[in-house]
Amino acid sequence: MAVNRVPVLKRCRSLDLDPIYLGIDKKSNRQSKRANRKMSEYGLQLREKQKAKFIYGVLEKPFRNYYKKAEKMNGMVGENLMILLERRLDNVVFRMGLARTRQEARQIVDHKHVLVNGKCVNIPSYLIKAGDTIQIKENKKDSQRYKDILEVTSARLVPDWLEVDQEALSGVIKELPSREAIDVPVNEMLIVELYSK
């Protein structure tokens, strides 16, 4: 599997992105060298796509597949794309506060700690549906790891489309997220323009 080894803060600087969206509280004091350089229209579109891929931890081929799927759905393509990305299991685990970052959420899913409707799912890209119940396995709930995670994430706001019981390390998907409920700083219209060329 391809792994991006570029330091996270460096990547955030180049994409003009606040690390808080990744669940990281660090701040970079350096300024991007490209901050005052004028960017072409294509450059802006590409940066938005890279930003979305970086936030959700998706590589190019799966991202393109999400885009094709979004085109076939009813409604606006850009909004559908963002909703599909938000419905990924690793992202939902992160949103529920059961992981500090999306990368950690991906690892938790990979290591078979997560049950969806009572069944073990270890596919980070699994798309959740409205009414799904997501929880951490019983034998993993008492581990020190989750106590540490809850200490860090207990103050984090949980989106309206999720209902979370942090004590039981479980939650229910009340409804599918709408674009307004997704607080990711990505202009999806630029991504649509880029792919429709």
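Which residue lies over the face of Tyr56? I looked, and Arg102 does, at 5.0 Å from the ring centre. My rule for a charge over a ring is NZ of Lys or CZ of Arg within 6 Å of the ring centre and within 35 degrees of the ring normal. Arg11 lies over the face of Phe54, also listed at 5.0 Å from the ring centre.

A note on the basis: this is a predicted model, where local features need pLDDT of at least 70, side-chain atom pairs count only at pLDDT 80 or more, and totals for chains, interfaces and linings use all residues. Residues are numbered from 1 along each chain as its sequence is written, and side-chain values use heavy atoms, with hydrogens and water left out.

Next, the rings. I paired rings of Phe, Tyr and Trp (its six-membered ring) if their centres lie within 6.5 Å, calling planes under 30 degrees apart stacked, over 60 edge-to-face and the rest tilted. That gave me two aromatic pairs. One is Tyr67 with Tyr195, tilted, at 4.6 Å centre to centre and 35° between the planes. Tyr67 is in helix H3 (residues 60-72) and Tyr195 in helix H8 (residues 188-195), so this pair ties together parts 128 residues apart in sequence. Helices (H or I, at least four residues) and strands (E, at least two) are DSSP runs, numbered from the N terminus. Ring pairs link Phe63, Tyr67 and Tyr195 into a cluster.

Buried or exposed, I wondered, are Tyr67 and Tyr195? Both are buried (under 20% relative accessible area; exposed is over 50%, partly exposed in between, with a 1.4 Å probe and protein chains only).
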